[in-house]
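Welcome, and thanks for taking a look at this one with us. Please have the model open while you read the briefing below.

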Amino acid sequence: SDLLDSSSLTNLILNIQPDEVYNLAAQSHVAVSFKNPLYTTQVGTEGVTTILESVRSLSKDKKVSFYQASSSEMYGGSGKQVFNEESKFEPKSPYAAAKVFAHEMTKTYRESYDMFAVNGILFNHESPHRGETFVTRKITKAVGRIASGTQSKLTLGNINASRDWGFAGDYVEGMWMMLQHEKPDDWVLATGETHTVEEFLDKAFSYVNLDYKKYIETSDEYFRPNEVDYLLGDPSKAMKELNWRPKTSFEDLVKMMVDADLKSAKVEKIS
């Protein structure tokens with residue numbers, strides 16, 4: 001269902017009568033949000049309001065739990081600080097600004113209508129299913145192709161940017177745990193570690209015994225108009241209240257993604 005088609009979205013929710021609703025939908029690419037700010041912000045604002053209204057209507061007859069996918073991008077990451085649930089939002093992209101609106105709207109509905117509505121402020125979470133335009137997957141896809149001889153170079157933007165990267169599977173478990181909690185609230189999910197894009201490159205290429213410096217070029221074309229340099233999350237509230245833990249290390253995450261893309265590069269080569 002299209003998040004901008006409010007009537008069909010409302011009908012869908014009222015017909016299904018779900019016990020839990022997870023809103024993960026968005027125009028989810030930060031760089032694309034600069035190229036298409038109108039669509040990005042419409043989906044992020046109108047979409048969440050439509051879902052919240054539908055869930056509110058359904059909640060009159062039964063308990064419905066609502067999860068909103070908030071994002072670490074809301075913090076802006078201009079200084080080298082650790083972000084938690086109380087940290088100030090300083091969005092630096094249309095994507096992040098739309099996420100702040102959705103976050104605040106979810107809190108408004110929770111407080112105004114006593115709804116079970118939570119915000120999960122998730123730091124970067126990756127897996128072999130990550131879209132190929134995102135930097136982590138762009139790197140592991142290139143490692144697979146370079147190792148199999150079907151690609152020679154990889155062009156990236158800011159390789160000095162630091163991110164708190166975890167495994168999507170661990171984070172989805174955390175999302176579910178939020179909706180099982182006795183009271184609705186907002187929680188940060190993160191690993192508490194930050195790594196640069198360059199570190200990710202080094203780990204991914206050295207896993208197949210290659211020196212990334214021989215294959216990497218950087219281009220201004222891939223820099224954002226307003227760069228987020230450093231993101232690091234503090235998941236201690238989720239660890240304490242939800243008993244959530246990020247189980248997958250940075251190294252294991254990189255290996256998992258490279259392994260998957262080595263396999264797909266072999267398949268590509270054969271076909």
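Two strands count as paired if DSSP finds at least two bridges between them. Helices (H or I, at least four residues) and strands (E, at least two) are DSSP runs, numbered from the N terminus. This is a predicted model, where local features need pLDDT of at least 70 and side-chain atom pairs count only at pLDDT 80 or more, while totals for chains, interfaces and linings use all residues. Residues are numbered from 1 along each chain as its sequence is written, and side-chain values use heavy atoms, with hydrogens and water left out.

**Strand β2 and its partners**

- In β3, Ile121 is the bridge partner of Ser70, and 7 bridges join the parallel strands β2 and β3.
- On the β1 side, β2 pairs in the parallel sense over 4 bridges, with Phe66 in β2 as the bridge partner of Val21.
- Strand β2 (residues 65–71) has 7 of its 7 residues buried, so the rest of the structure largely encloses it; buried means under 20% relative accessible area, exposed over 50%, and partly exposed in between (1.4 Å probe, protein chains only).
- In a regular strand the side chains alternate between the two faces of the sheet.
- In β2, Ser65, Tyr67, Ala69 and Ser71 point one way, Phe66, Gln68 and Ser70 point the other way, and all are buried.
- Together, β2, α4 and β3 make a right-handed β-α-β unit; right-handed here means that, with the strands pointing away from the viewer, the path from the first strand over the helix to the second runs clockwise.

**Salt bridges**

- The count comes to 15 salt bridges, each being a side-chain nitrogen of Lys or Arg within 4 Å of a carboxyl oxygen of Asp or Glu.
- Within helix α3 (residues 37–59), Glu53 and Arg56 sit 3 residues apart, about one turn of the helix, and they form a salt bridge whose closest N and O atoms are 3.0 Å apart.
- Both ends of that pair are partly exposed: Glu53 has a relative accessible area of 31%, and Arg56 has 23%.
- Arg110 and Asp186 meet through their side chains in a salt bridge (2.8 Å, N to O).
- Arg110 belongs to helix α4 and Asp186 to strand β8 (residues 186–189), so this pair ties together parts that are 76 residues apart in sequence.
- Arg110 and Asp186 are both buried.
- Glu268 forms a salt bridge with Lys141, with 3.5 Å between the closest N and O atoms.
- Here too distant parts of the chain are linked, Glu268 lying in helix α9 (residues 250–270) and Lys141 in helix α5 (residues 135–147), 127 residues apart.
- Glu268 is partly exposed at 35% relative accessibility, whereas Lys141 is buried at 9% relative accessible area.
- A network of salt bridges links Glu132, Arg137, Lys141, Arg145, Asp261 and Glu268.

- Most residues other than glycine have a negative phi.
- Gln17 is not a glycine, yet has a positive phi of about 55°.
- Gln17 is placed in the loop between α1 (6–16) and β1 (20–23), and its relative accessibility of 38% makes it partly exposed.
- Asp114 also has a positive phi, near 55°, and is a residue other than glycine.
- The loop between α4 (94–113) and β3 (116–122) holds Asp114, which is exposed, with a relative accessible area of 72%.
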